[in-house]
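Subject: Structure handover

Hi there,

Here is the structure I promised to pass on. My notes on what turned up in it follow below.

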Amino acid sequence: MDHLSKPEWPIQRLTPLRITVLYAVVASLWMFFSDHLIDFLVDDPGTALQLYALKGWFFILITTLVLYFIIRYNNQILLEAGEVFRRNQELFRDVTESASDWVWEMDDQLRFSYVSERFYELTNMPQSRLIGFKRWEVAGVDTEQDPKWRSHRETLETHLPFRDFSYQSQIPDVSGRRHYFKISGKPVYDKGGRFKGYRGMGTDITRQVMAEEALKESRGTLDRLMSNLPGMAYRCRNDANWTMEFVSEGCKTLTGYSSEGLIGNRDCSYAELIHPEDQAIVWNQVQEALEKHTTFQLSYRIVTAQGSEKWVWEQGQGVFSDKGLLVALEGLMLDATERQQTQNALLALAQNASTMMDDEFYRSCVRDLAHMYDVHYASLGIFADETRQTIHTLALWQNDGWVENVAYPLAGTPCEEIVQGDPQLIPDGVMQRFPDDSFLQREGIQSYFGAPLISSTGEILGLVSVMGINPMAPNRWARPVLGIFANRIALELERRWAEERLHKSEAHNRLIVDTALDAVITINNEGIVSGWNTQAERIFGYPREEALDRKLSEIIIPHQYRAAHEEGLKHFRQSGEGPLLNRRIEITALHQDGHEFPVELSIVPLEHGTEVSFSAFVRDITRRRHAEDEMARLRKYLKNIIDSMPSVLVGVDPEGTVTEWNKQAEELTGVNRDQAHGRPFAEVLPHLEAQMKQVKEAISQRQPLHSERLVAEQNGEVHYSDVVVYPLFTNGTAGAVIRVDDVTNRVRIEQMMVQTEKMMSVGGLAAGMAHEINNPLSAILQACQNIQRRISPDLTKNQELAEQLGIDLTTVGQYFDERGIHHFLDGISDAGARAAKIVSDMLAFSRRSESHFTPSNLDELMETAVRLAASDYDLKKKYDFKRIRIERDYAPDMGQVSCDGTEIEQVVLNLLKNAAHAMSSANIAEPCITLRTRSEGDYACIEVIDNGPGMTKEVSRRVFEPFFTTKDVGVGTGLGLSVSYFIVIEQHAGRMSVDTAPGKGARFKICLPFQHRSGT
């Protein structure tokens, strides 16, 4: 503080020379006029001599008194001036030490010579760690190698003011933490104009930097997640068109339309893609889920841009505001047949997105584009001047390395067409198309692809391009990917230029306080504004002249808080205490235009003798709050997408600790997100413990790894899973996402198809064998019939031949009767007839042609099913069906029913086999099955009743579901009853139900309409 100059008072103008001249003039006038006056008034020389002596002493007395009062007055003024100067020093020190910034000074060698105590209070870092060091020594950088620091050093060495210079200190605080600082300063000169150093203020921006880095990481996480989506993620409005606000690039594979064409219904609304027959169903199901605030899942058909139909599976949910209003719908759509292709397309699109915020961002984009399109050259350039005829490159990649930036004219180059506003893709022959471009001719460029950089206002800023020495084979991602990079680069350019313009506008400040990043406001104990710096003008919109001498509550405090503010001032005046003093708080402030915005506030009291005032340091945190809100929104959006996926998604770090856990994982394991976070992967999903080896391999190889049909037992059932491990890399930190898809149904369908093929082969073989058996069986029956005819005495031919041979046929017949030969012949005939009937039933059951509805007798169909069950090999092998008592209760007046007899036989046979299996498994002593038919109005009903163990309510509710079975593994597929249910309900427009209870058997009831209704 010793560098501050003392004020110059008016008394200092009374210099010794002026006092001497004044004294000489007054003394001369006194001597001249007093002598003449004595000579004029006194004639006596003695008396005149005495008067001369008295006059001298009187003059000495008067001048002594005058000199005394002058010296006393001058000393008093000097004392008062010193007191004012001391109070000003105390005031400035109080302001600087209580601010959210600190004051610093550097000497003429650019070394820190002073740092205020506020620095230690804000950063927990002693000032002694900075004193004697230059700023770049504190930051630990080489100014010759770092362009940013080289420019800053040149600014200091040329004694220029600077503002808002940000850097990270490499000197840790007492806890080992390294802080980020933002500083502003101005040069200081003595009265002789000699440079003495720098003076300025700094602030700790560590929280802001951390928030921006967290936002950047969150956006990067979202980009990486989008690359792993195996379908189309979307955000749309809840209107009749399902107007899309966002769709992932998977929409092209799924629908045939690009994302640009679907967003905003540009080419086609999504509602137009939904099959006309499914539009009402989709609408009703989504609206029902939105009313209940639940997730919706539905399957329906769409018509692609090529006119083909696809089935899509969709899962999503509504996004509601804090007030409960519906904002949008978010979710995921999958094409099960092309899931992997869609996923790979999304991965290829999003892998190269970047969120860097400095010049390295441009270089990263150019390098990634060169690698993505597998070309030798890639560049990013902007217009070099106002003429817009020359391009100056910001990043230039050539042959796997960086080269120096150049400036080149646009005329005669393919870039000239790009800056007109349209992307250009020339896969081959670019040299022939632009013969005047010397660079193309010299380097042998064959292919070219470029896109303009378009600002948010539609202005073209420059272009980005890639060039190859070989022809380019563009795919459907080529144009949109380059367009995405071009848009992102354009946004970064706009942001950077806006910041540069802002820095230039703030370059001229008059005082140290004006270099602060915060608004500094001073008020007295009545709340009247007495200080208002430049930053306060910018934050609140009031010029200094309008803010001074007004109540603070009238200009920046919202109406709802003004009463509390006035009450707080009153309380301080009475008690000297205030709850908000010497604290950092976040509140809402009022702008001149009437809008409210968030600020960070610090208030400190300033005492000056008996007077008290307050200094308020206000920081606009709108940007930080927006960043935090955006980060929260992105995290919520990311969570909605993750939770909408039908797959189990688990994020892990390289050690296998769970970092992400979606809703599907919660439903599979019963472990919620909070319980899973931080736990070992093998602990929450023990049946996938072996996948940790895949995680380490995927991270080391930097590519996804797949494992198919992993077998695990869950709740006593065998389940199959497909597992994909995706490596993740964020800011040098590795990890992985594990996606688990339950493919049990698919595996079972494949197994069923194999079994069906085998059964079809067996059926064909059985039909062939039946035909072959019929031939000898017919010969046996015919021979048996001929024997009975040849020994019959009723035939004349037999009598004549017997008389010739001397045989009595009556006696022979008696012999056959006594020996039971007639009985044996009758047995052969009956057995052959039964065998022929069994063969006939097998042939009828094995003929799998199209359904034919004919009038049929239900009693005969049920008897045929009983005979088939009795001859079924599996039933005989495991439990003899003939041991089961069959009771029949057929309605005598039952008419014929129009049905497919073979299919109804199949249904009844399946019920008989299930009943036999259930009774055998329960060891029923006297197993019995009752077959019953009844007429109920327009329906003919069949009942199959057993006295087996019955079923619980949980089992009976799921008994008709595909693949659901209570049999042991390998015994049943769980398809019999679901197929039977389909035959009755869908094929015959009938009804099928079950009535059962544990220990009371089961009754299956089938009702078929007497007359088949065509079209059902």
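To start with something to look up in your viewer: does Gly-895 count as buried, partly exposed or exposed? Gly-895 counts as partly exposed because its relative accessibility is 34% (buried means under 20% relative accessible area, exposed over 50% and partly exposed in between, with a 1.4 Å probe and protein chains only). You will find Gly-895 in the loop between strand 28 (885-889) and strand 29.

Some housekeeping. This is a predicted model, in which local features need pLDDT of at least 70 and side-chain atom pairs count only at pLDDT 80 or more, while totals for chains, interfaces and linings use all residues. Residues are numbered from 1 along each chain as its sequence is written, and side-chain values use heavy atoms, with hydrogens and water left out.

The overall picture

The protein has 34 helices and 33 strands (DSSP runs numbered from the N terminus: H or I of at least four residues for helices, E of at least two for strands). Of its 1016 residues, 42% are buried. Taking contacts (heavy atoms within 4.5 Å) between residues at least 6 apart in sequence, 54% join residues at least 24 apart.

A helix pair

Helix 30 (residues 858-870) packs against helix 32 (residues 901-921) at an angle of about 50°, and their axes are 9 Å apart (axes are lines fitted to C-alpha atoms over the stretch in contact, and angles run from 0 to 180 degrees between N-to-C directions). That angle makes helix 30 oblique to helix 32 (under 35 degrees counts as roughly parallel, over 145 as roughly antiparallel, 65 to 115 as roughly perpendicular and the rest as oblique). Residues making the contact include Leu-861, Ala-865 and Leu-868 of helix 30, and Ile-904, Val-908 and Leu-912 of helix 32.

As background, nonpolar side chains tend to be buried together in soluble globular proteins.

Glu-943 is in strand 31 (residues 939-946) and counts as buried because its relative accessibility is 8%. Beyond its neighbours within four places in sequence, Glu-943 has contacts that include Arg-932, Arg-1003 and Lys-1005.

Two residues are listed here for their phi. Most residues other than glycine have a negative phi. Asp-164, which is not a glycine, has a positive phi of about 55°; this residue is found in strand 3 (residues 162-168) and, at 15% relative accessibility, counts as buried. Asn-923 also has a positive phi, near 55°. Asn-923 lies in the loop between helix 32 and strand 30, and at 67% relative accessibility Asn-923 counts as exposed.
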